[in-house]
Amino acid sequence: MVPRGRDPRFGPDADDTGCTILHVDMDAFFASVAVRSHPELRGKPVVVGGVGPRGVVSSASYEARRFGVRSAMPTARARSLCPQAIFLPVEGPAIAAASKAVMAIFRDVTPLVEPLSSDEAFLDVAGAQRLLGRPAEIARQIRERMFAEQELTCSVGVAPTKFVAKLGSTRAKPDGMVVVPAGLILEFLHPLPVDALWGVGERAAETLRRLGLTTVGELAQAPFGMLRRAVGEASAAHLHELSWGRDPRRVTPEHVEKSIGAEMTFDVDVADPLVIRRSLLALAEKVGARLRAAGQVGRTVSIKVRLADFRTVNRSRTVPTSTDVAREIFEISWALFEALGASDHIRLVGVRVEGLTEAATTSRQLSLGEPERGWREAEAAADAVAARFGGARVGPASLLGRSDLRRTENHPQRTVVPLSEPPTPS
């Protein structure tokens, strides 16, 4: 069988009439951004993610994938599969900047953009055809712009529905395009394995295979009653519709972020309260910066604590006034942690802010005795410094060890803010 990505029936020159949905997926995004920053690594196996013994792979270049390295794999496993790979940490600011630039290119094409993550989105290009041409031509322009402006590659699926467009981009990887004509949807879809369907994970796939259903086409022809008994009424109806290429969902650009958070897995289980406190502070700093970058504030602060035996405890507190201030997020997080009274060794901690609203439209009530200018203005100034000079230029002094503090004395460009006292307004 000819691979779907190379079948001329589904190539860039296929009939794209009515194929107004594009799914654009960046190729090995985190790894590609890292290679862009380090061009000497081009063509080499690069793995991006947690570099500690408990780290997890976020992304791997295609050179590393040839050795079996995949995202979500433990870093230790990736090292054993590809010991010659270059392992790099995630470059948060670089990833955020690249994602913003990628989404800007999408929105230059159409306002109907539905992001699925930092590096992929659905686009409805029906209204862009008069200005930019046919859907396949628009997809070609996006790919050219991405490489010319961002030095990144992407894969695009062009189809009449979201589901089929996403399958198309998967089969176009890396750096390709698949067009699924409206009249050939079933020819494209039915030879695929059942786990290509949304909602079919490992367990569901195994259940379906035990029934003799190994391809989407076999599932499409299966009696509905048999599907219902195997996976339940709702899942059976969902899978039956998808197996016939039916997906009525529209591209929805209004994406409301429900929460913003960050987590930290320790290389070695810890019980030292000072280490936990510093970790929560670092996470609160990260969450506060992400909130301000997104123009969001939230009223509910929650923490996540995973113990050494993998038990996970969550606690939250809702406050009267929404916040995006890292100092306030930290104070609530630390109070929640102290209230836990955790005495066991801890594997992971996380901080999250929920109940988000737009900062520009949310009023804030000053507490009694609180100065008009203080932590919020200091953190906004730190954001500006970080945007210009990099995130390591400014931060709370308590996140620095003794050796860090000594180095800071010799680097006047680095600013440290004492944790115990609010900044003095200028």
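Over the ring of which residue does the charged end of R79 sit? The ring is that of F87, and the charged end of R79 is 4.1 Å from its centre. R65 lies over the face of Y62, 4.4 Å from the ring centre. A charge sits over a ring if NZ of Lys or CZ of Arg is within 6 Å of the ring centre and within 35 degrees of the ring normal.

This is a predicted model: local features need pLDDT of at least 70, side-chain atom pairs count only at pLDDT 80 or more, and totals for chains, interfaces and linings use all residues. Residues are numbered from 1 along each chain as its sequence is written, and side-chain values use heavy atoms, with hydrogens and water left out.

The whole structure holds five aromatic pairs. Rings of Phe, Tyr and Trp (its six-membered ring) pair if their centres lie within 6.5 Å; planes under 30 degrees apart count as stacked, over 60 as edge-to-face and the rest as tilted. Two of the pairs are listed here.

| Pair | Centre distance | Plane angle | Class |
|---|---|---|---|
| F29 and F30 | 6.1 Å | 55° | tilted |
| F163 and W198 | 5.4 Å | 65° | edge-to-face |

F163 lies in helix 7 (residues 162-172) and W198 in the loop between helix 8 (185-189) and helix 9 (202-210), so their pair ties together parts 35 residues apart in sequence. Helices are DSSP runs (H or I, at least four residues), numbered from the N terminus. F122, F163 and W198 form one aromatic cluster.

F29 is buried at 2% relative accessibility. F163 is buried too, at 1%. F30 is partly exposed at 22%, and W198 is partly exposed at 25%. Buried means under 20% relative accessible area, exposed over 50%, partly exposed in between (1.4 Å probe, protein chains only).

Terms used. Helix = DSSP H or I, 4+ residues; strand = E, 2+ residues; numbered from the N terminus.
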